[in-house]
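Please have the sequence and the 3D view open as you read.

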Amino acid sequence: MTSSDVLVERLVAWGVDTIFGLPGDGINGVMEALRKAQDKIRFIHVRHEESAAFMACAYAKFTGKLGVCLSTSGPGGIHLLNGLYDAKMDQQPVLAITGMQFTDVTGSFGQQDVQLDKLFIDACCYNERIMSPTHMEPTADLAIRTALMMRGVAHITIPIDIQLQDLSDKGRSDRNVAHHTNSVMAITGNLPVMGNLAQAAQILNNGKKIAILAGAGALHATDELLQVAELLGAPIVKALLGKAAVPDDSPYTTGGIGLLGTAPSQDVIENCDTLLMVGTSYPYMEYLPKPGGVKCVQIDSNAQRIGLRFPVDSGLVGDSKKSLRELLPMLKRNSNRRFLERAQRDMDDWNHTIEKEGTNSASPMKPQVVGHELSKRTKENAIIVSDSGTNTTVWARYMKAKKGQMHSCSGNLATMAGGMPYAIAAQVAFPDRQVIAVVGDGGFTMLMGEFITAVAYKLPIKFVIIKNNTLGQIKWEQMVFEGNPEYQCDLFPIDFVKFAESIGAKGVRIDQQKTAGARFDEALAIDGPVIIECVVDPLTAMLPPKITPKQAVKFSEALAKGEPNRIKIALTAASDTVRQII
């Protein structure tokens, strides 16, 4: 039995059944061990190691299990980093396994001589180089345990020669007793202290205009969130990664917050007197209440996150679902329902606006049409992912989360290119569920080779590409946030339908509002992977729900400085949301 065999044995013992990666000579020992254990662990062969790390992160998000990725030495390991930071920043348990140069030539400026354990220091909560075959078992166990319990990235790098060495007790030190570790995982109770619960309940019971901000940590606490909302008369505002925490047809939610959110959510946050944060460390503090005027209770399983974004009056360290269950019997019904009722009226108006934008028949087709028509056709158990860019707004604001669905994206890292690998991981994990990726033409082309992976594994994912031939989010950021004309944002056009067909898949083009619904029906009914190319107006701004005076001034400055499309943008503004800032 080699070191690599020991590694695979430990992975199996911990319940790992899927690894995403790319072979290479720096990892041949591990690949051979995986070949011999292919009846126990499936290896998903990707086209780029960055994708493997994204897939491991997404696999962890959607299954709750450990995500695992594998790469060769040197450049292969380097490629993993973007996806690993995605996992780190969204607190997902991922194990990265990499190869490394032969031990006796490490540090001698040889080929692919990158000491990956040093490179990965900042990305990982556990990070070790395997020193011998007897070092593998306890290190692998500790790496996996740490990733799962700390919800972060663990990394093991294995020099090529050690991968191939046979396990022998002759090389074992007296302090390394064989099999002194195992795969039994101790689970914390994840319950807050009783005294803290009473304090939190008192604060919430004293509130009149109470708001709930729910994030990814509350995705499994839907029923409890709704019960608390009913008792407290509290609208539920959702951070981006908490999109599926409460279905969007609930009368208790005002949808998302911030740049991609809704105007009613922003009004709720600006006018509340008490804030209950559940499973979120939402990073954009400028969208939260001003410190000092609002009481705050925060629930988070990670004590480090308590008070990170807002000065809390009571912090409950525990699992969101369990904590809310403990809190519920202590809460009194809030007799002041006006705050909730106003939010509901505002949300009715907002939904009317969204409907109007989503049915706009203008040409070129508006990107809002894509979200509006696609949303109506998603299944109750669909898994829907987004990339980063203007496509994120289409998904976040115009696609409604239904009960039973999963939604996600690269949250805190907000990296482009993650959407397609996320979708692949979701479909691998749940082969019988509808999986849809809403991506931009910029993000898609960064890792477009992974469409071949979807075709190779016959994954019936529907890739909805928002095609505007520009880096749309960056364009509007240059104008609205910096007051500068757009520069170097345009993309060379690609025919994505022909690209799909060239690989043996199907492609459907949508470029008119009046036929969009029928074309989506056609595309979603196709068996197998499909690219749905949605050609949209590049001059439609996907702007914040409430425009600030500063943003209005910056936008005007951008037009005055010589924005090349200023006339068309001004004309578009007459019927678009841009009119708010002109």
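This is a predicted model, and it holds 7 aromatic pairs. Start with Phe 444 and Phe 496: their ring centres lie 5.6 Å apart and their planes meet at 90 degrees, so this pair counts as edge-to-face, the class for angles over 60 degrees. The two residues come from distant parts of the chain, 52 residues apart, with Phe 444 in helix H16 (residues 441–446) and Phe 496 in helix H19 (residues 496–502). Phe 444 and Phe 496 are both buried.

Helix H19 takes part in another pair as well, this time through Phe 499, whose partner is Phe 451 in helix H17 (residues 450–456). Here the ring centres are 5.8 Å apart and the planes are at 45 degrees, so the pair is tilted. Again distant parts of the chain are linked, as 48 residues separate Phe 451 from Phe 499.

Now put the pieces together. Ring pairs join Phe 444, Phe 451, Phe 463, Phe 496 and Phe 499 into a cluster.

The charged end of Lys 243 sits over the ring of Trp 395, at 5.7 Å from the ring centre.

Let's turn to the strands, with S18 (residues 530–535) as our guide. Which strands pair with S18? One is S16 (residues 462–467), which runs parallel to S18 and is joined to it by 6 bridges. In this pairing, Ile 466 stands opposite Cys 534 of S18. Another is S17 (residues 506–510), also parallel to S18 and joined to it by 5 bridges. There, Lys 506 stands opposite Val 530 of S18. To get from S17 to S18, the chain passes through helix H20 (residues 513–524), and this β-α-β crossover is right-handed.

How many of the 6 residues of S18 are buried? The count is 5, so strand S18 is largely enclosed by the rest of the structure. As you look along the strands, keep in mind that side chains in a regular strand alternate between the two faces of the sheet.

Conventions. Residues are numbered from 1 along each chain as its sequence is written. This is a predicted model: local features need pLDDT of at least 70, side-chain atom pairs count only at pLDDT 80 or more; totals for chains, interfaces and linings use all residues. Side-chain values use heavy atoms; hydrogens and water are left out. Rings of Phe, Tyr and Trp (its six-membered ring) pair if their centres lie within 6.5 Å; planes under 30 degrees apart count as stacked, over 60 as edge-to-face and the rest as tilted. Helices (H or I, at least four residues) and strands (E, at least two) are DSSP runs, numbered from the N terminus. Buried means under 20% relative accessible area, exposed over 50%, partly exposed in between (1.4 Å probe, protein chains only). A charge sits over a ring if NZ of Lys or CZ of Arg is within 6 Å of the ring centre and within 35 degrees of the ring normal. Two strands pair if DSSP finds at least two bridges between them. A crossover is right-handed if, with the strands pointing away from the viewer, the path from the first strand over the helix to the second runs clockwise.
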